[in-house]
Amino acid sequence: MPATTLLELDGLRHEFDDVPGSPDLAPLLFLHEGLGSVGLWRGFHRRIAEQSGRRAVAYSRLGHGRSDRPLAPRTTSFMAAEATGVVPALCSALGLHRPIPVGHSDGGTIALLAAARLDVSGVVVLAPHVLVEDFALTEIRAARTAFEDGDLRDRMARHHDDPDAAFRGWNDMWLAEEFRAWDVRDELSAITAPVLGIQGDDDPYGSIVHVRSVAERAAGPVTVAELPCGHSPHLELPDEAAAAITGFLADLP
């Protein structure tokens, strides 16, 4: 992957990769999953930029990839805080006017919450979360065991400067007792931009209920694509996921 750049926001550096595209098309902002980073998109953001002709920016949240560690521990409202704080600040700093958030998993939730508050041209979400499902918590508990007793920490250290911050910032929040009641479905009605929701039919972290909730509650048009895969459609079925996304982008005003 090409070398990334660091952007300072409020004294903390955020890793990002900026792929150029047409100034006449709304840019894409890629928001990674709970254990992700710029590098863990595996170049998918660059593929979509090339195929759509749009500028694409992918960044690593604080504690992920090569970004700085956050100054304070996360709270269970971390996804909303990212959507209302970092996303608009980053868009302003990089000149991303009416962007199209493209988010995976937790990043999909951040994309939805940002779209409910900001002026966006569209939204793409892959396996987003809008509520807590018990079977997903089982997988998240298994991830904790793999991190503490298995090789997950070593594998994460290849991609994150601080694997403990990246893992704990995700795992501790999802397994917090107060997070069990987390539910953002009531906020979806504020989304007026077109939405594409992509969901795998064998996702251990979430069912089709999440993208169907977006389709039922968002005020704008929603397209749902269910693919025969797990939690990462863009990595498991990259051709199919890219085709769905570029087709959606081509149809935007």
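Is R185 buried, partly exposed or exposed? R185 counts as partly exposed, because its relative accessibility is 22% and the class lies between buried (under 20% relative accessible area) and exposed (over 50%), with a 1.4 Å probe and protein chains only. The model is predicted: local features need pLDDT of at least 70, side-chain atom pairs count only at pLDDT 80 or more, and totals for chains, interfaces and linings use all residues. Residues are numbered from 1 along each chain as its sequence is written, and side-chain values use heavy atoms, with hydrogens and water left out.

**Annotated domain**

- The unreviewed UniProt entry carries the annotation "domain: AB hydrolase-1" for residues 28-244; such annotations may be inferred rather than shown by experiment.
- Within the span 28-244, 41% is helix and 13% is strand, where helices (H or I, at least four residues) and strands (E, at least two) are DSSP runs numbered from the N terminus.

**Salt bridges**

- The count of salt bridges comes to 16, each being a side-chain nitrogen of Lys or Arg within 4 Å of a carboxyl oxygen of Asp or Glu.
- D183 and R185 meet through their side chains in a salt bridge, at 2.6 Å from N to O.
- D183 is partly exposed, because its relative accessibility is 35%.
- A network of salt bridges with shared partners joins R144, E148, R168 and D172.
- Within helix 6 (residues 163-174), R168 and D172 are four residues apart, about one turn of the helix, and their closest N and O atoms are 3.8 Å apart in a salt bridge.
- R168, at 27% relative accessibility, counts as partly exposed, and D172 is partly exposed with a relative accessible area of 28%.
- R13 pairs with D68 in a salt bridge whose closest N and O atoms are 3.0 Å apart.
- This pair links distant parts of the chain, 55 residues apart: R13 belongs to strand 2 (residues 12-19), and D68 to the loop between strand 4 (56-59) and helix 2 (78-94).
- R13 is partly exposed at 40% relative accessibility, whereas D68 is buried, with a relative accessible area of 16%.

**Negative surface patch**

- D201, D202, E226 and E236 gather on the surface in a patch of negative charge; patches are made of residues with over 30% relative accessible area and no salt bridge, like charges being joined within 9 Å and nonpolar side chains (Val, Leu, Ile, Met, Phe, Trp, Tyr) within 5 Å.
- E236 lies in helix 8 (residues 233-236) and counts as partly exposed, because its relative accessibility is 41%.

How values were computed:
Areas by Shrake-Rupley, 256 points an atom, 1.4 Å probe, with all protein chains shown as cover. Lys, Arg positive; Asp, Glu negative; His and termini not counted. Charge placed at Lys NZ, Arg CZ, Asp CG, Glu CD.
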